[in-house]
Amino acid sequence: MKAKRAICFVTFLFMGIALCFGNAIAAEKGPIHFVMVTDLTGPAHAQVGPQGWAAEDYIKWLDAKGGINGHPLTIDVIDTKYQLPLIRTAYTRNKDRKHVTMSFDAISGGIEALKGQFIKDKIPVLMLTGHGPAVYPSGWVFAEIPPYDDMLCAYADWIKKNWKEKRKPRLALLLGDYASGRSPEAAKWYVEKIGIDIVSVEYVPVLPTDTSDLLIRMRDAKPDFVFDTLMPDQCKVILKDRFKLGIKIPQANFVFNSDLIKATVPLEAYAGYMGLQPSASWWEKSIPGVELAYELHKNRGPIPTVTYIAAIGACMVWVEAVKNALDAVGYEKLDGQAIYDGYMKIKNFTAMGIFPGISYSPGDQRGTNKVKICKFNEDGSIANLTDYFEAPHNLKLKAQEGK
């Protein structure tokens with residue numbers, strides 16, 4: 001009997017030690033560091049600043065829920081103020097840290113400038129904006145939306161499909177004067193190839209005050225449609241000036257900042273304005289990912305911007321890549337190559353419905369190639385003009401054509 005008691009005591013003792021030891025190991029799981037480099041301030045802040053807020057809000061929320069496979073998470077959001085030297089410095093300071101994963105915006109072109117360095121250092125980088133040269137030819141940059149030159153191709157396809165007259169349709173480009181804003185010029189060949197004449201190209205300053213002169217030049221070229229790459233601070237000036245000049249040419253925005261437009265532009269100036277939408281937005285509240293974005297954004301304001309919502313989805317993609325890497329190699333071997341491979345395992349990932357489906361392959365790292373066109377109604381509400389449809393891979397097609 002004493003022997004049995006002794007055996008039971010020893011058994012429970014070892015079970016207790018094992019339990020405590022196991023808890024200690026779980027408690028000591030090493031952290032994973034997320035680093036987001038973006039323009040929180042500076043001339044592009046209205047467009048890209050919410051991406052930094054989204055990264056901070058989502059990663060902190062996920063950490064509170066247990067992190068990734070029990071590993072705690074940290075998030076550093078670095079403000080680059082739309083200045084390339086600050087982008088380079090942020091990258092240099094973080095690229096050699098262990099268990100770090102990085103994300104950049106591309107508005108200033110910094111991600112394109114560092115693309116070769118990412119390949120050399122074997123650092124996979126998540127891109128939250130659509131700068132075509134950063135993802136083609138394929139390297140170590142991963143996006144979630146079609147690049148802005150692909151957006152122009154998609155808009156041109158829609159125009160061509162719906163054009164009823166015998167003559168060619170005429171298209172004007174209102175391009176924001178920044179690296180990503182000018183990038184659709186690389187798709188002019190495609191637009192002309194499918195039978196659309198580009199009759200005007202105007203460049204809008206990053207912080208405009210009056211755009212009447214360029215709008216008059218554009219109007220006088222007699223376009224049937226306009227495609228723009230205008231950030232919110234540019235949109236509100238252009239739309240108001242268009243209204244004052246009586247210009248009613250159908251116009252589409254490259255990323256539909258509809259929430260900010262409604263907040264800063266009178267209804268009569270934005271009614272009928274269209275936009276290309278590669279992700280769910282603030283007015284699609286029944287989508288689970290959008291519901292989560294509203295919950296995470298409530299301390300910042302009542303309505304999350306479209307860029308905030310898209311960035312919440314992008315953070316889910318970011319986390320999925322890291323999780324895939326952890327599952328494959330474990331924490332100690334979590335490095336750039338493992339995270340790169342983790343991205344490549346992502347197939348048809350919707351981020352709770354925010355995206356139509358994110359997939360990566362060595363020849364296509366855009367994430368999704370789908371976009372839909374939306375439009376402001378006369379009462380200020382928003383409607384879908386199309387379902388999601390495919391945006392041509394402009395730079396790849398251009399290379400194949402030898403253009």
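Biologist: Which element gives the most to the lining of the second largest pocket?
Modeller: Strand S3 gives the most to that lining, with 3 residues, where helices (H or I, at least four residues) and strands (E, at least two) are DSSP runs numbered from the N terminus. S3 (100-104) and helix H16 (336-344) each supply at least two of the lining residues. A pocket here is an open set of points on a 1 Å grid over the protein atoms alone, with protein on both sides within 12 Å along at least five of seven lines, a cavity is a set where a 1.4 Å probe fits but cannot get out, and lining residues have an atom within 4 Å of a point.

Biologist: Before we go on, what kind of model is this?
Modeller: This is a predicted model, in which local features need pLDDT of at least 70 and side-chain atom pairs count only at pLDDT 80 or more, while totals for chains, interfaces and linings use all residues. Residues are numbered from 1 along each chain as its sequence is written, and side-chain values use heavy atoms, with hydrogens and water left out.

Biologist: And what does the pLDDT average?
Modeller: The average is 91, and 93% of the residues score at least 70, on the predictor's confidence scale from 0 to 100. Over residues 6-27, however, the pLDDT is below 50, and this stretch makes 0 contacts (heavy atoms within 4.5 Å) beyond near neighbours in sequence.

Biologist: Back to that pocket, how much space lies in it?
Modeller: The second largest pocket holds about 200 Å³, taken as the space filled by probe spheres set on grid points joined across faces, edges and corners.

Biologist: What about the largest pocket, what is its volume?
Modeller: The largest pocket has a volume of about 260 Å³. Its lining has 16 residues, and Arg242, Ile247, Lys248, Ala269 and Ala271 are the closest to its centre. Helix H11 (232-245) and helix H13 (267-270) are the elements that give two or more residues to this lining.

Biologist: How many cavities of 30 Å³ or more are there?
Modeller: The count comes to 2 cavities of 30 Å³ or more. The largest cavity contains about 150 Å³ of space, and of its 16 lining residues Gln51, Leu128, Ile145, Thr307 and Ala310 are the closest to the centre. Helix H15 makes the largest share of this lining, 5 residues, and helix H2 (45-64) also supplies at least two.

Biologist: What lines the second largest cavity?
Modeller: That cavity, with about 30 Å³ of space, is lined by Pro43, Ala44, His45, Ala46, Gln47, Val206, Met231, Pro232 and Asp233. H2 and H11 are the elements that give two or more of these residues, and H2 has the largest share, 3 residues.

Biologist: Switching to packing, which residues touch the most other members of the largest nonpolar core?
Modeller: Of its 127 residues, Phe34, Tyr58, Phe104, Tyr155, Leu171 and Tyr343 touch the most other members. H15 (residues 306-329) gives the most to this core, with 14 residues. Such a core joins buried (under 20% relative accessible area, 1.4 Å probe, protein chains only) Ala, Val, Leu, Ile, Met, Phe, Trp, Tyr and Cys residues through side-chain atoms within 4.5 Å.

Biologist: What is phenylalanine 34 in contact with?
Modeller: Leaving aside neighbours within four places in sequence, phenylalanine 34 contacts Ile59, Ile68, Leu73, Thr74, Ile75, Asp76, Thr101, Trp318, Val319 and Val322.

Key
Buried < 20%, exposed > 50% of the residue type's maximum accessible area, 1.4 Å probe, protein only.
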